[in-house]
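Here is a short report on one protein model. It covers confidence, fold, core and salt bridges.

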Amino acid sequence: MEDKNDLKFLQGFTKVRISKACKYFGFNQSNLMNGKSGRLAEKKVRNYIEQELAKVRLNETRDVVGEIECQEKSSTIQ
């Protein structure tokens with residue numbers, strides 16, 4: 001079961017990309033990476049990436065908690 005959790009965690013990172021953040025806001029990625037988009041654009045992209053990372057971590061935590069709850073239920077049944 002642990003191997004599947006690792007894979008799901010890694011797959012979550014496909015959503016955490018600068019290109020996706022730029023597309024979401026309509027920013028030119030090249031301009032952003034060269035410092036030509038301004039501090040506000042940089043801040044927005046950073047916040048977007050941090051939120052996506054937090055979602056990946058939350059999903060991982062939910063999976064671990066769910067697995068622990070299943071183990072607890074099965075041990076009380078036996």
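The text below goes from the whole chain down to single side chains.

**Model and confidence**

This is a predicted model, in which local features need pLDDT of at least 70, side-chain atom pairs count only at pLDDT 80 or more, and totals for chains, interfaces and linings use all residues. Residues are numbered from 1 along each chain as its sequence is written, and side-chain values use heavy atoms, with hydrogens and water left out.

pLDDT is the predictor's confidence in each residue, on a scale from 0 to 100. The protein averages a pLDDT of 84. A score of at least 70 is reached by 76% of the residues. Among the elements, helix 3 has the highest mean pLDDT, 97. Helix 1 (residues 2-12) has the lowest, 77. Where pLDDT is low, the predicted coordinates should not be read in detail.

**Overall fold**

The protein has 4 helices and 0 strands. Helices (H or I, at least four residues) and strands (E, at least two) are DSSP runs, numbered from the N terminus. The order of elements from the N terminus is α-α-α-α.

Contact means heavy atoms within 4.5 Å. Of the contacts with a separation of 6 or more, 51% join residues 24 or more positions apart.

Buried means under 20% relative accessible area, exposed over 50%, and partly exposed in between (1.4 Å probe, protein chains only). Of the 78 residues in the protein, 15% are buried.

**The nonpolar core**

A nonpolar core is a set of buried Ala, Val, Leu, Ile, Met, Phe, Trp, Tyr and Cys residues joined through side-chain atoms within 4.5 Å. The largest one has 9 residues: Val16, Ala21, Cys22, Leu32, Ala41, Val45, Tyr48, Ile49 and Val56. Helix 2 and helix 4 (39-77) each supply at least two residues of this core. Helix 4 gives the largest share, 5 residues.

Which residues does Tyr48 contact, leaving aside its neighbours within four places in sequence? They are Lys20, Ala21, Tyr24 and Phe25.

Lys44 lies in helix 4. Lys44 counts as partly exposed because its relative accessibility is 35%. Not counting residues up to four places away in sequence, Lys44 touches Phe25 and Phe27. Lys44 and Phe25 are 19 residues apart along the chain, and their C-alpha atoms are separated by 8.2 Å.

Gly26 sits in the loop between helix 2 (18-25) and helix 3 (29-33). Its relative accessibility is 63%, so Gly26 counts as exposed. Gly26 and Ala41 are 15 residues apart in sequence. In space, C-alpha to C-alpha, Gly26 and Ala41 are 9.9 Å apart.

**Salt bridges**

A salt bridge is a side-chain nitrogen of Lys or Arg within 4 Å of a carboxyl oxygen of Asp or Glu. By this rule the count is 3.

| Pair | N to O distance |
|---|---|
| Arg39 and Glu42 | 2.8 Å |
| Glu50 and Arg46 | 2.8 Å |
| Glu52 and Lys55 | 3.2 Å |

Arg39 and Glu42 both lie in helix 4, 3 residues apart, about one turn of the helix. Arg39 counts as exposed, because its relative accessibility is 67%. Glu42, at 26%, counts as partly exposed.

Glu50 and Arg46 also lie in helix 4, 4 residues apart, about one turn of the helix. Glu50 has 38% relative accessibility, so Glu50 is partly exposed. Arg46 is exposed, with a relative accessible area of 52%.

Is Glu52 buried or exposed? Glu52 counts as buried because its relative accessibility is 11%. Glu52 and Lys55 both lie in helix 4, 3 residues apart, about one turn of the helix. Not counting residues up to four places away in sequence, Glu52 also touches Lys15 and Val16. Val16 is one of the residues of the largest nonpolar core.
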